[in-house]
Each structure stands twice: as C-alpha cells, then as structure tokens.
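Reader: I would like to go through the aromatic rings of this protein. Please show me the sequence and the model.

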Amino acid sequence: REAFAMCIAHAQTVSVATEGNGIPIYANVPPASWAFSTDLPAYTYDVAAAKAKIEGAGWTMGADGVYAKDGVRLASDLWVRQGRPQRVRFASLTKDQVAECGIEVTVKEGDFATVLLPLLSYPNNFETYLGGWSTSIDPDDYSIFHSSKCTTKENPDDYNFVCWNNPEGDKLLEDGRQELDQAKRKEIYGKLQVLIHNDLPYYFLWGDLAHRGYSKSVSASTGTINLTSPLDYWNNDTWVIEAK
C-alpha cells in the first residue's frame with residue numbers, strides 16, 4: 001500500500017479526474033468537518049523509492065515489466081462502481097501511473113448492488129476497490145474503522161471490510177464518541193487522522209466540492225445565511241423570498 005501511494009501524482013490526478021471539483025485528502029475526515037486536520041502531509045510521489053520498497057519486500061522485476069514473487073505477479077483487478085465517471089477516470093489514470101512502478105492494474109466496472117456489495121461482504125473476495133462514502137460533519141467513523149466492525153462469518157456485512165485492526169485506533173474511536181467537549185474531540189480525531197494516514201488502511205482520494213447558489217431575494221428572518229458553512233441550510237425553515 002505504501003508503494004502504491006508513492007506511484008501516483010496525487011493532487012494532479014485528483015484535479016484531472018474530478019475536473020477541479022475534488023479537494024485532495026490524506027485521511028478519513030472531510031475538509032468540511034470541524035475536526036479536519038490541516039497538518040497531514042501530502043502523499044509522497046517517488047517512483048524510484050516505491051520500486052525500492054517493492055524490491056525490499058522480495059519482489060523481482062519480470063521481463064513483462066511487472067514485479068513477481070514466488071510465481072505471483074504484482075497485479076490486481078481494481079473494481080469501480082458503474083456510473084461514477086470521476087472514479088473511473090481516477091482508476092484509469094492510476095493504472096497508467098502504477099505501471100511505471102511495475103504494478104499491473106486492470107480496471108473493472110461493476111454494478112454496486114449486484115457485483116460490488118457481494119465482493120465487500122465476507123469473505124471479502126476482492127483485491128482492490130475504489131469506492132466512496134458519505135459522511136456527516138461529525139467525524140465518528142467507528143463503524144468503518146473499529147476492529148469490532150471487521151467483516152467476519154458471523155458479521156458478513158460490517159463496514160470495516162479491509163479489517164483495519166489497530167488498538168490505538170480503537171481507543172481513539174472509542175474516546176471520540178464518548179467525549180463531549182468539542183475541542184478535546186478535535187484533538188482526539190486529529191490523532192486518529194495521523195494514525196490512519198500513516199497506517200494506510202485506505203489510500204484516500206478526494207472530498208467532493210459542493211456548489212450552491214441563492215438568489216439575492218432569499219434571506220433568513222432569524223439572521224443571515226452563512227454561505228461559508230456546509231450547514232448553511234440549518235435554518236432554512238426561516239428563509240423568505242423578498243417581494244419585488
């Protein structure tokens with residue numbers, strides 16, 4: 001995973017794939033959240049270092065330009081949801097870039113309900129998946145990252161289908177959902193973002209930009225509409241349209 005992340009020009013690829021409508025991210029909390037950390041380093045783009053890391057793990061470059069180890073080629077199917085053109089573009093751009101690192105990727109599009117969900121359920125019969133999820137402004141990702149949510153035979157459809165298991169991460173997730181002070185929660189989730197960034201249970205891509213526009217005739221009877229907030233609609237029951 002570390003080598004994979006080093007083979008992709010992250011910010012540039014996000015920009016091209018989303019046509020400028022994505023904000024590059026490096027951990028699990030979206031930029032719109034109050035808990036978003038601005039201290040995370042960007043992914044390092046370094047093909048030579050990535051290849052050195054792969055070779056250090058015992059892989060040997062084959063005549064076809066793909067690394068191999070014990071008769072297994074460093075190749076993977078990359079599943080992407082149909083009807084998500086930005087993700088498909090990122091996958092295609094990724095395929096070309098990781099090839100320079102001796103990694104072969106085959107992009108496969110699949111229907112979410114009939115193809116991808118069964119792959120993500122136990123026994124997790126997939127190699128690489130490019131997906132996304134919606135999140136709230138509150139960064140409680142317990143269901144996605146806590147080790148108790150790993151998919152198992154008993155719990156085949158839990159959301160930690162990569163089965164990230166980090167005791168420190170578990171503790172931070174537990175502390176974050178029990179703490180009431182927002183400043184302390186921000187500190188907790190800041191530590192969690194660093195841990196997730198360094199452990200790389202996921203290689204994170206981008207957060208979607210949201211675009212909204214309002215007529216100048218729209219106002220709120222209880223005050224102004226805060227256009228700088230992702231929750232600008234919180235008091236929309238008080239909005240009025242001024243008569244002209």
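Reader: Does Tyr202 count as buried or exposed?

Author: The model is a predicted one. Buried means under 20% relative accessible area. The relative accessibility of Tyr202 is 15%, so Tyr202 counts as buried.

Reader: What kind of aromatic pair do Phe145 and Tyr202 form?

Author: The rings of Phe145 and Tyr202 are 5.7 Å apart, centre to centre, with 80° between the planes. Planes over 60 degrees apart count as edge-to-face. The pair of Phe145 and Tyr202 is therefore edge-to-face.

Reader: How many residues apart are Phe145 and Tyr202?

Author: Phe145 belongs to helix α6, residues 142-145. Tyr202 is in the loop between α8 (182-199) and β8 (206-208). The pair links distant parts of the chain, and the separation is 57 residues.

Reader: Why is the pair of Tyr214 and Trp239 edge-to-face?

Author: A pair of aromatic rings is described by the distance of the centres and the angle of the planes. For Tyr214 and Trp239 the centres are 5.2 Å apart. Their planes are at 85°, so the pair is edge-to-face.

Reader: Which parts does the pair of Tyr214 and Trp239 tie together?

Author: The two parts are 25 residues apart in sequence. Tyr214 lies in the loop between β8 and β9 (218-220), and Trp239 in strand β10.

Reader: Which residue lies over the face of Tyr142?

Author: The distance to the ring centre of Tyr142 is 4.0 Å. The residue over that face is Arg177.

Notes. Residues numbered from 1 in each chain as written. Predicted model: local features only at pLDDT ≥ 70, side-chain atom pairs only at ≥ 80, totals over all residues. Heavy atoms only, no water. Phe/Tyr/Trp six-rings, centres within 6.5 Å; stacked < 30°, edge-to-face > 60°. Helix = DSSP H or I, 4+ residues; strand = E, 2+ residues; numbered from the N terminus. Buried < 20%, exposed > 50% of the residue type's maximum accessible area, 1.4 Å probe, protein only. Lys NZ or Arg CZ within 6 Å of the ring centre and 35° of its normal.
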